[in-house]
Amino acid sequence: DSLGLVSRADCFPQNKLFLFVGGKKNDLTHIVSDWKDVFVYFVRLTPKGYFADLDKNGHPEFAIYPMVAGNNVVTDAYIYSVIGNRIELYGSGRFNSERGKYVTDIVKGRSVKSHP
């Protein structure tokens with residue numbers, strides 16, 4: 001199966017998130033729909049790339065980051081596991097929007113409040 005994620009992160013009208021698995025498009029916009037007027041980005045999960053199987057269970061993880069305004073801001077990145085044709089929250093980590101190359105301080109199971 002092929003796996004792909006596509007995000008359309010605009011300040012308006014709303015953010016969109018789609019997961020493509022085996023040629024089928026799954027709309028997961030509900031995950032990012034609360035972030036109105038916020039840019040949401042895919043960020044590197046590890047130094048090697050955007051996807052990694054962090055807990056070695058066969059389900060790759062990825063990270064998204066809602067941009068928070070400010071200088072040298074370090075805030076939470078949301079990490080999700082891809083399980084079949086759906087995603088579920090894996091945990092969170094820290095990301096520096098100006099100097100961060102990838103997510104650090106990843107904690108499985110840690111939930112963070114969304115940045116509306």
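Phe42, Phe51, Phe62 and Tyr80 form one aromatic cluster, in a structure that holds four aromatic pairs, where rings of Phe, Tyr and Trp (its six-membered ring) pair if their centres lie within 6.5 Å, and planes under 30 degrees apart count as stacked, over 60 as edge-to-face and the rest as tilted. This is a predicted model, in which local features need pLDDT of at least 70 and side-chain atom pairs count only at pLDDT 80 or more, while totals for chains, interfaces and linings use all residues. Residues are numbered from 1 along each chain as its sequence is written, and side-chain values use heavy atoms, with hydrogens and water left out.

A pair of aromatic rings is described by the distance of the centres and the angle of the planes. For Phe42 and Phe62 the pair is tilted, at 5.9 Å centre to centre and 50° between the planes. This pair links distant parts of the chain, with Phe42 in strand β4 (residues 40-43) and Phe62 in strand β5, 20 residues apart; strands (E, at least two residues) and helices (H or I, at least four) are DSSP runs numbered from the N terminus. Phe51 and Phe62 form an aromatic pair that is also tilted, at 6.2 Å centre to centre with 55° between the planes. Here too the pair links distant parts of the chain, since Phe51 is in the loop between β4 and β5 and Phe62 is in strand β5, eleven residues apart. Phe62 counts as buried at 1% relative accessibility, whereas Phe42 is partly exposed at 26% and Phe51 is partly exposed at 38%; buried means under 20% relative accessible area, exposed over 50%, and partly exposed in between (1.4 Å probe, protein chains only).

Buried residues make up 38% of its 116 residues. Of the contacts with a separation of 6 or more, 37% are between residues 24 or more positions apart, a contact being heavy atoms within 4.5 Å.

In soluble globular proteins, nonpolar side chains tend to be buried together. The largest nonpolar core of this model has 15 residues, and those with the most contacts inside it are Ile31, Val32, Trp35, Ile64, Tyr80 and Ile87; such a core is a set of buried Ala, Val, Leu, Ile, Met, Phe, Trp, Tyr and Cys residues joined through side-chain atoms within 4.5 Å. Strands β2 (16-21), β5 and β6 each supply at least two residues of this core. Apart from it lies another core, of ten residues, among them Ala52, Ala77, Ile79 and Tyr90.

Beyond residues up to four places away in sequence, Val32 touches Asn15, Lys16, Leu17, Val40 and Ile64. Leu17 lies in strand β2 and counts as buried at 2% relative accessibility. Its C-alpha atom is separated by 4.6 Å from that of Thr29, twelve residues apart along the chain. Leu17 is also touched by Asn26, whose other contacts, not counting residues up to four places away in sequence, are Phe18, Leu19, Val21 and Asn85. Asn26 has its place in strand β3 (residues 24-27) and counts as buried at 10% relative accessibility.

A search of the whole structure finds three salt bridges, each a side-chain nitrogen of Lys or Arg within 4 Å of a carboxyl oxygen of Asp or Glu. In one of them, Asp55 pairs with Lys108, the closest N and O atoms being 2.7 Å apart. Asp55 lies in the loop between β4 and β5 and Lys108 in strand β8 (residues 104-108), so the pair ties together parts that are 53 residues apart in sequence. Asp55 is partly exposed, with a relative accessible area of 24%, whereas Lys108 is exposed, at 53%. Arg94 forms a salt bridge with Asp76, their closest N and O atoms being 2.9 Å apart. Because Arg94 lies in strand β7 (residues 86-96) and Asp76 in strand β6, this pair ties together parts that are 18 residues apart in sequence. Asp76 counts as buried at 15% relative accessibility, while Arg94 is partly exposed at 29%. Arg86 forms a salt bridge with Glu88, with 2.8 Å between the closest N and O atoms.
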